[in-house]
Each structure stands twice: as C-alpha cells, then as structure tokens.
Amino acid sequence: MDANPVVRLANAAFGYDGRRVVSGVDLEVGPGAFFGIVGPNGAGKTTLFRGILGLVEPLEGRVERLTEAIGYVPQRETLDPIFPLRVDEVVFMGAYGRLSGWRGLPRAERDLARACLERVAMADHARASFSSLSGGQRQRVLIARALMARPKLLLLDEPTSGVDRAAEARILEVLEDLNRRDGIAVLLVSHQLALVRKAVAEILWVADGRVVRGSAVEMLRPENLDALFSSSFEA
Amino acid sequence: MDPSWADRIDLFRWAILAALVAGMVCPLIGTFLLVRRTSFYGITLPQFAAAGVVFGFVVLPWWSSTFGGVDAMQALDTPHAAMNYKLAWAALFTFGSLIALVLTGRRAGSEIARVAAAFAIANAATYLFGRMSPVGKSMVDELLAGEILGVGRHEFETLSVLYAIVFATILFFHRDFLVVSYDRESAVVLGKPVLAFEIVLNVLTGITVAVGTMFLGPTLLFGMLILPPLAARRWAASTLSFHVIAVALGIAAVVGGIFASFEFDLPLGAAIVGVAALELVPGPFVRTRA
C-alpha cells in the first residue's frame with residue numbers, strides 16, 4: 001500500500017451498457033510507480049485504462065483520483081490531421097484546462113510549453129506543422145502536451161505503436177526520465193510485451209475480465225506467458 | 001441610363017452589408033464544420049431551413065385563423081411579425097434537423113450517407129410544401145437563385161445582432177471549441193464540460209443557418225459555410241491563420257460578388273458563391289502548410 005496514492009481503485013468493475021468487461025479491480029498507484037497494462041486483444045485493457053482516466057464510469061466499486069494533475073497521451077492515430085495545428089498549438093492545449101476566454105496565452109504558459117517541449121527534445125520543432133512530423137515525434141509532442149498539466153500521473157495509450165525502433169527507444173527514454181527524475185507515476189497500455197518487459201516495473205495483466213498485478217520481469221517470462229495466455233485465472 | 005455604382009450601392013446597401021456580415025461569420029462557423037468533418041451540415045441545414053420557411057406559408061391560413069396576427073399579405077411584405085413568423089419556422093426546422101442528425105450520428109453507420117439522405121428529404125420537402133403554397137415557393141425560389149437585394153434595414157439589423165452574438169461566442173470560447181473538436185477525450189480529462197460545448201457549437205451553427213437562410217437564402221449559406229474554409233485550409237499554417245484566412249476569403253468573395261453582380265447583372269447571392277468557388281482554383285497548386 002502506498003502512503004500517498006494518486007489513484008485508488010476498490011473492487012471496481014468497468015464495462016459498457018451495463019455489461020462488465022473487467023471487474024474486481026483493486027489497485028493503488030503511488031508516486032513513482034511505472035505500470036504497464038497488458039493482455040490479449042479484446043480482454044479489456046483499454047476499458048480499464050479509460051476507467052482509471054474517468055472516461056468510463058465504474059459499474060460498481062470505487063475509483064478515486066486523488067490528484068487533478070493527470071496527464072493523458074491518447075493514441076496519435078485518433079487525432080485528425082485535417083486540423084491545421086502547429087506543434088506549439090498542440091502543446092498549449094495541455095493548459096486549456098485552466099484557461100478560457102479570449103485573452104492571449106499568458107507568458108508563463110508559453111514558457112512552460114517551451115520547457116515541456118525541451119523535455120521531450122522537440123523544442124526546435126515548435127513552429128512546425130504537427131501533422132508533418134514522424135509518428136515518434138508526434139508522440140513526444142503529445143507527451144509534452146500532457147506535461148503541461150504538471151502531472152503526478154501520466155497515462156499513455158499505446159505510446160509506441162507504429163513507430164520504429166529508434167523512435168520507440170527515445171519515447172521510453174523520455175518516460176523513464178520523467179518517472180525517475182520527477183517521480184511522475186506512469187501507466188501505459190500496450191500490446192507490445194517486449195517493450196513492456198523492458199520498460200516497466202510492474203504489470204497489470206488483463207484477461208477473462210480479471211486483472212492480475214505482478215512484476216513485469218517475472219510475469220512476462222516466456223514460460224509464464226504460456227500460462228497467462230491459456231488459463232491463468234482458473235486457479 | 002444605367003445607375004452609377006454609388007447609386008446601386010446606396011440603393012442596395014442593406015443587402016450588401018448583410019452579405020458582408022455573412023461573409024465574415026459564416027466562414028468562421030464553416031471552419032469548425034470542416035475540421036469536425038461535418039461540412040455536409042452546411043448544405044443540409046440551410047435546405048431544412050428553406051423547407052421550414054415554405055412550410056410556414058403552407059400552414060399560414062390555418063395559423064392566421066387560429067392565432068391571428070399574420071396574414072398572407074403581411075408575410076409577403078415582411079413586416080416584423082411576418083419576419084419573426086418565418087424566422088421561427090426556419091429555426092424550428094433547422095434545430096429539429098440538427099438535433100436529429102446529432103442524435104442519429106451517435107449510432108453506428110455512415111454519417112455522410114445519413115446527412116446526404118437528410119438533404120434529399122429536405123430538398124424534396126421544399127418542393128412538396130411549395131406545391132401546397134405557391135407564395136412560399138416563389139419566395140424560396142428567389143432565395144435559392146440568390147436574389148438577396150430585397151434585404152431591408154430591419155432584416156440587416158436582426159441578422160447583424162444575431163451574427164455578432166455568434167462571432168463573439170466563438171471568439172470567447174475558441175480554445176474550448178478547438179480542444180473539444182480535436183481531442184474529445186483529452187478535453188474530458190482536462191475537466192472541460194465537453195457535451196455543453198458541443199451543444200453550444202451546434203446552437204451557434206443552427207442560429208447562423210436559420211437566420212442566414214431566412215434573409216440571404218440557402219445558396220449564399222451553402223457557399224459561405226463551405227467554400228472559404230475549404231480554400232483557407234490549404235493556406236493555413238496554424239489554427240489562428242485558418243480562421244483569419246477563411247474570414248478574409250469570405251469577405252473577399254462578397255466584395256468580388258458585388259462587383260460581378262452589378263457589372264454583369266447577376267443575382268448577388270449566386271455571384272458571391274461563384275467568386276468563392278474561384279478561390280478554390282489555386283488550391284491544387286498550393287502545398288498544404290499544416
């Protein structure tokens with residue numbers, strides 16, 4: 001149990017239209033945690049992830065988000081390139097939760113956006129068109145946008161899907177740096193088991209409507225994976 | 001002897017000013033229709049508004065005998081009561097169809113096919129209602145042809161006030177509309193009342209369409225909602241420049257359309273749309289900037 005968790009789930013169940021997809025989830029995510037949500041396709045990884053984010057209300061149990069400082073990085077494929085957005089405009093959006101009205105963007109927010117872009121090594125591209133960037137670059141810009149919330153918890157949906165090895169390594173480097181240096185709790189959903197094994201400390205294995213928590217190195221050993229993919233939750 | 005340019009501008013000043021206001025506000029709404037991939041709304045909703053105006057004429061005899069206040073002659077002369085009556089029907093049909101499109105849009109299936117089907121229905125309804133009320137049909141035929149020179153001071157004032165509200169609301173909430181349109185889930189995480197902003201954006205679209213169709217006709221509305229934003233998208237390097245270029249192209253189309261209309265004796269609304277269409281010509285030769 002963490003002394004100061006940022007998110008706490010107690011016997012939570014999530015689903016759609018009253019139908020449960022995952023249930024009985026007990027979880028605490030503390031500062032500095034690094035979780036990966038993994039499991040077979042259609043098992044409910046995304047449903048659990050959306051439940052933690054607050055995009056899906058729990059069907060039963062409790063979800064407590066104990067901080068408002070949550071950064072969210074969506075799958076970049078969900079963002080429509082028809083929007084004519086510059087990189088800095090995308091990053092500024094991360095501050096829109098605390099800004100409204102027609103006044104210009106305050107200097108402090110511009111400075112913060114610059115710092116966030118520097119943190120992900122994208123400051124030189126601030127005036128570039130967002131849609132013209134490579135997949136890996138766009139992903140780092142979206143991480144910078146999430147950092148605008150000054151997050152204590154960073155949630156990422158398939159952050160390395162569809163990017164090459166070099167881009168994947170850079171993204172992981174950024175996430176590890178944020179986690180170790182700033183103590184930001186990181187929770188990512190991924191179907192890339194090799195990546196998760198390499199990057200995260202703990203995993204939440206989602207299958208058959210249940211969630212099992214364990215060490216990434218231990219659970220993702222080849223011999224254990226066979227068991228997880230067959231009938232791991234029968235016991 | 002042909003009247004001078006100054007005489008024509010003076011004679012039709014309210015129509016010209018109304019077109020300029022529409023040239024400024026409609027492209028701004030159109031930018032959101034384009035990036036939300038709902039540009040077809042810009043064709044379908046004005047058609048429903050036109051059907052609503054004709055339907056108002058169909059039920060006018062019954063309305064006059066039941067509630068009084070407006071008769072057919074008043075409706076043709078467009079005094080205040082008659083204008084409000086027609087505007088109410090245009091708004092009712094616009095918002096009714098908008099609500100139906102938004103609600104059915106949440107279900108599975110092709111959004112484009114649904115909106116196209118709605119346009120076909122609205123178009124047919126306009127002609128069917130027109131058959132039942134030749135007065136209403138002749139008025140809508142004029143509006144469809146783009147004959148907007150009859151716009152008077154009162155129509156201009158009504159349109160200006162409502163469009164000023166639309167313009168100011170967009171300016172005030174532009175960040176919220178952007179994030180809600182671009183990344184709905186992130187907007188929820190940021191704590192934005194997403195549904196409320198989507199409703200406000202739809203209401204602004206409905207007001208723009210209902211008022212614009214009523215005074216300027218569906219032809220001008222089709223053109224101003226769709227063509228300037230489409231042309232601007234090619235040139236825009238940022239969201240701000242997208243909005244500014246779309247509005248500038250809208251105003252330029254109105255000015256060019258006025259010139260073409262007076263010079264070549266063309267219907268003003270259609271001439272404006274024609275010029276707006278010309279703004280698309282350089283598009284294929286321009287590299288999209290963002």
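1. Strand β3 of chain A pairs with strand β8 (residues 202-207) of chain A in the parallel sense, over 4 bridges; pairing requires at least two DSSP bridges between the strands. Opposite Gly36(A) stands Ile203(A) of β8(A). Strands are DSSP runs of E with at least two residues, helices runs of H or I with at least four, each numbered from the N terminus.

2. This is a predicted model, in which local features need pLDDT of at least 70 and side-chain atom pairs count only at pLDDT 80 or more, while totals for chains, interfaces and linings use all residues. Residues are numbered from 1 along each chain as its sequence is written, and chains are lettered from A and ligands numbered from 1 in the order in which they are written.

3. β3(A) also pairs with strand β7 (residues 185-189) of chain A, again parallel and over 4 bridges. Here Phe35(A) has Leu187(A) as its bridge partner.

4. Because 5 of the 5 residues of β3(A) (residues 34-38) are buried, the strand is largely enclosed by the rest of the structure. A residue is buried if 20 or more other C-beta atoms, placed from the backbone, lie within 10 Å of its own. One side carries Phe34(A), Gly36(A) and Val38(A), the other Phe35(A) and Ile37(A).

5. In chain B, the axes of helix α3 (residues 41-58) and helix α7 (residues 111-132), lines fitted to C-alpha atoms over the stretch in contact, come within 8 Å and cross at roughly 20 degrees. α3(B) and α7(B) are therefore roughly parallel to each other (angles under 35 degrees, between N-to-C directions).

Note on methods. Axes are lines fitted to C-alpha atoms, for helices over the stretch in contact, and angles run from 0 to 180 degrees between N-to-C directions. Angles under 35 degrees count as roughly parallel, over 145 as roughly antiparallel, 65 to 115 as roughly perpendicular and the rest as oblique. A residue is buried if 20 or more other C-beta atoms lie within 10 Å of its own, exposed if 12 or fewer, and partly exposed in between; C-beta atoms are placed from the backbone.
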